Amino acid sequence: MKPLKCETLLTHPDPNAAIIWLHGLGASGHDFVPIVPELALPPEAKIRFIFPHAPQIPVTINGGAVMPAWYDLLDLSVERKIDYQQIQSSADSIRFMLQQEIEHGISSERIIVAGFSQGGAVAYEAALSFDQPLGGLMILSSYFPTRETVVVHPANRTLPISIYHGNQDCVVPVHLGQLAFEHLSNRGFKPEFHSYSAEHSVHPKEVKDISEWIQSRLL
């Protein structure tokens, strides 16, 4: 498999943990790099942040324009019609990255997968199906399109999951985040759900909450 191009930021020259963070539709791996200093992590945090770039593909809802996307979005109906083969391909790429981090000496249980919007949809599929126990799954302003088809690997049946969503989000309505939370709860997970007075963006309080959750998982 051809590796995805990535932006990488280390909080310490000798990292013992990793966070793979996926951007949203039309953005790039540069999108969330500035959030790392805003997290104000303590000096003992030794984390390699990895921000992969999605491939450039035509996106149907945008008139077939070519842009960075993890999968094609066919319409914006409530359930979001998507290209399921492409979301699986993107999930494969993230699972490949997870394996690379493990081969670089990072324990699987010290790796978090994170994703915003479309990136979150891929993060759900990639993390839950990964064959080694992960440190956590962090979902921002997203939804779970493969909730009925994902094959949860036994290694991640107790995966810690934290979901963050703006309650004024008109791009990915908050009820889609709540639906994912309910589905996960019904499958035996114990996800957290945090909502904010925000649109399709990251609220300052959300940054603080994310930082605290990362520290609870990796420090």
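**Salt bridges and their helices**

Modeller: Happy to! Let's start in helix α5, where E212 and K208 sit four residues apart, about one turn of the helix. Their side chains meet in a salt bridge, 2.6 Å from N to O. Bear in mind that this is a predicted model. E212 is partly exposed at 44% relative accessible area, and K208 is partly exposed too, at 47%.

Helix α5, residues 204–218, holds another such pair: D209 and K205 are also four residues apart, about one helical turn. Here the N to O distance of the salt bridge is 2.7 Å. D209 counts as buried, with 12% relative accessibility, whereas K205 is partly exposed at 41%. The spacing makes sense, because an α-helix has 3.6 residues a turn and residues three or four places apart point the same way.

The structure holds four salt bridges, and one of them joins the side chains of R48 and E101 at 3.0 Å, N to O. R48 belongs to strand β3 and E101 to helix α2, so this pair ties together parts 53 residues apart in sequence. R48 is buried at 16% relative accessible area, and E101 is buried at 6%.

E101 leads us to α2 itself, whose buried residues also include I87, I94 and L98. Among the elements covering the buried residues of α2 are β3, β6 and α3. At the start of α2, a side-chain oxygen of D83 comes within 3.1 Å of the backbone nitrogen of Q85. After the helix comes G105, with a positive phi near 105 degrees.

Note on methods:
Residues numbered from 1 in each chain as written. Predicted model: local features only at pLDDT ≥ 70, side-chain atom pairs only at ≥ 80, totals over all residues. Heavy atoms only, no water. Buried < 20%, exposed > 50% of the residue type's maximum accessible area, 1.4 Å probe, protein only. Helix = DSSP H or I, 4+ residues; strand = E, 2+ residues; numbered from the N terminus. Contact = heavy atoms within 4.5 Å. Polar contact = N/O pair within 3.5 Å; in protein donor to acceptor, adjacent residues only side chain to side chain.
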